[in-house]
Amino acid sequence: MSEIPPADERIDRAAADAGTVPLSRGLSTKLLLLTIVFVLLAEVLIFLPWIASYQLSWLKERLSTAAAVSIVLVQGEPASLSRAAQNDVLTAIGAKAIAVRDGGVSRLLVVAEMPPQVDEHIDIANVGLVEGMTSALDTLFFGGERMLRVFGPVGDSDKEFELIMPDHSLRNAMLIYSRNVAFVSLLISLFTAMLVYAAIDLIMIGPIRTMTRSMLAFSEAPDDPGRIIRPAARADEIGVAERELSQMQERLQKMLAEQKHLADLGLAVSKINHDMRNILASAQLMSDRLRQVQDPTVQAFAPKLLRALDRAVSYSEGVLSYGRTQEPPPSRRRLRLHQLVDDVHGLLDTEGGIEFVNAVDLAFEVDADSDQLFRVLTNLCRNAVQAMAADAESAVVRRLAVSAERLGSVSRITVTDTGPGLPPKARENLFAAFRGSARSGGTGLGLAIAYELIRAHGGTVELVESRGGRTTFAVTIPDEPVRLDQARNGLRRPA
């Protein structure tokens, strides 16, 4: 029996499936709560000096009242006050005794009853900030049953007045003050949080929510141009993020369109591939009969025709493999490049005054897959022939040359033509299918296929130069490295 997930987890899963975030877990709610907490923490830090100042003010007020009573009693006769009058004075102040120190002599003016001990002595004139906060917190949390001795000067008087008083009245007053401060602090926190939330929601959370909705909407239909976010004209980080998101969505949309074209190409080729191979097979059978013709010209061209038909079958399969992104790995052999370039020349249409120069040394060898390298050179040479054939100027030199050199264990094949050069758009998207075509109506698949085939050899295809009158491509193929275990097995093999 499967375990039922908790309610919160079910809600989260449902929200995730719907592409939304619950209000209780959204950024807005978190921001509001964090603002309230932070403002309350700030109020707590401010409250500490406030409560110390309140305690000191409360004690000063009582001491000032006691000083006023003391001056009256000093000028008169303290013994003339009855016990009831003394109790009334002390009750009004909340003290047990009042004394005055003048000229180093201390006089007890009014006393109700002397306490057995005094728990804390507070010098009003010399209370520091830290000491005041510590004393205030101690009274607030642990006071109520202590006896205080409060003393110090009042105003400009040179006399020093003293009070002996319990701290329960002080603690009750501090509790009421703390309650009021807490209530006001909570109101300030809520008000500040709402203002901060409204400001940040307008400046940041709102645009982020818009970007989130745009990403969710774009993921549902990435081929719809209307789902691309429209960035606001902002110069801050949000504006940069919106513009980058918009550009990323546009690039992704173009990429998906290209991938769709590739998929459509693969589907189309797969439909015609079967019939095309049957047609080419029939052509091969008819070409075999040409071998029976004794004409020397026919005997010279028949093998080339058969090789061309074999490669045509491989091409149809290769285009299908490219549409499926399943190009086979190269089967590398030592090849005589001069003969391979001659085979490429045999398939080119160079009758429009185009001169083909095979400048490869007869003994030059390259380590590569014969069919794949043939396809690469054919694509490069055919592009060059088509570019030069499109030039209507009859006096222009039309020459296509293929040369090669070896740099250590690397073979470098150069294809150079005297055509008009590649346009800027083709150079920017040189090896990208459907975007790197140099002529109208082209697909750009030739260079894309050549790039993929040479990369499978561990080499590179690069545009060395492209300007009016000279375009040069270089194909670099390193020799296949010999594995150490295979070399050792070869050395151990008996002669």
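In this predicted model, helix α4 (residues 129–142) and helix α5 (residues 168–220) have axes that come within 9 Å and cross at roughly 95°. Because angles of 65 to 115 degrees count as roughly perpendicular, α4 is described as roughly perpendicular to α5.

**The contact of α4 with α5**
- Two packed helices are described by the angle between their axes and by the distance between the axes.
- On the α4 side the contact is made by Ala136, Thr139, Leu140 and Phe141, and these residues meet Leu170, Arg171, Met174, Leu175 and Ser178 in α5.

**The five-stranded sheet**
- Five strands form an open sheet with mixed pairing, and their order across the sheet is β2-β1-β5-β4-β3.
- The edges are formed by β2 (105–111) and β3 (120–123), each of which pairs on one side only.
- Neighbouring strands of this sheet are turned against each other by 20° on average, with direction ignored.
- Strand β1 (residues 97–102) runs antiparallel to β2 and is joined to β2 by six bridges; within this pairing, Val100 has Arg107 in β2 as its bridge partner.
- The hairpin of β1 and β2 has two residues between the strands, and in this hairpin Gly103 takes a positive phi near 65°.
- Strand β4 (residues 147–153) pairs with strand β5 (residues 160–166) in the antiparallel sense, over seven bridges, and here Leu148 has Met165 in β5 as its bridge partner.

**Spans listed in the UniProt record**
- In an unreviewed entry, UniProt lists residues 31–52 and residues 181–205 under "transmembrane region".
- In the model, residues 31–52 are 100% helix and 0% strand, and the end C-alpha atoms of this span lie 32 Å apart.
- Residues 181–205 are likewise 100% helix and 0% strand, with end C-alpha atoms that are 32 Å apart.

- Is Leu340 buried or exposed? Leu340 is buried, because its relative accessible area is 6% and buried means under 20%.
- Leu340 and Ser370 are 30 residues apart in sequence, while in space they are 7.9 Å apart from C-alpha to C-alpha.

Technical notes:
Residues are numbered from 1 along each chain as its sequence is written. This is a predicted model: local features need pLDDT of at least 70, side-chain atom pairs count only at pLDDT 80 or more; totals for chains, interfaces and linings use all residues. Side-chain values use heavy atoms; hydrogens and water are left out. Two strands pair if DSSP finds at least two bridges between them. Helices (H or I, at least four residues) and strands (E, at least two) are DSSP runs, numbered from the N terminus. Axes are lines fitted to C-alpha atoms, for helices over the stretch in contact, and angles run from 0 to 180 degrees between N-to-C directions. Angles under 35 degrees count as roughly parallel, over 145 as roughly antiparallel, 65 to 115 as roughly perpendicular and the rest as oblique. Contact means heavy atoms within 4.5 Å. UniProt positions are given in the numbering used here, feature names are shortened, and annotations may be inferred rather than shown by experiment. Buried means under 20% relative accessible area, exposed over 50%, partly exposed in between (1.4 Å probe, protein chains only).
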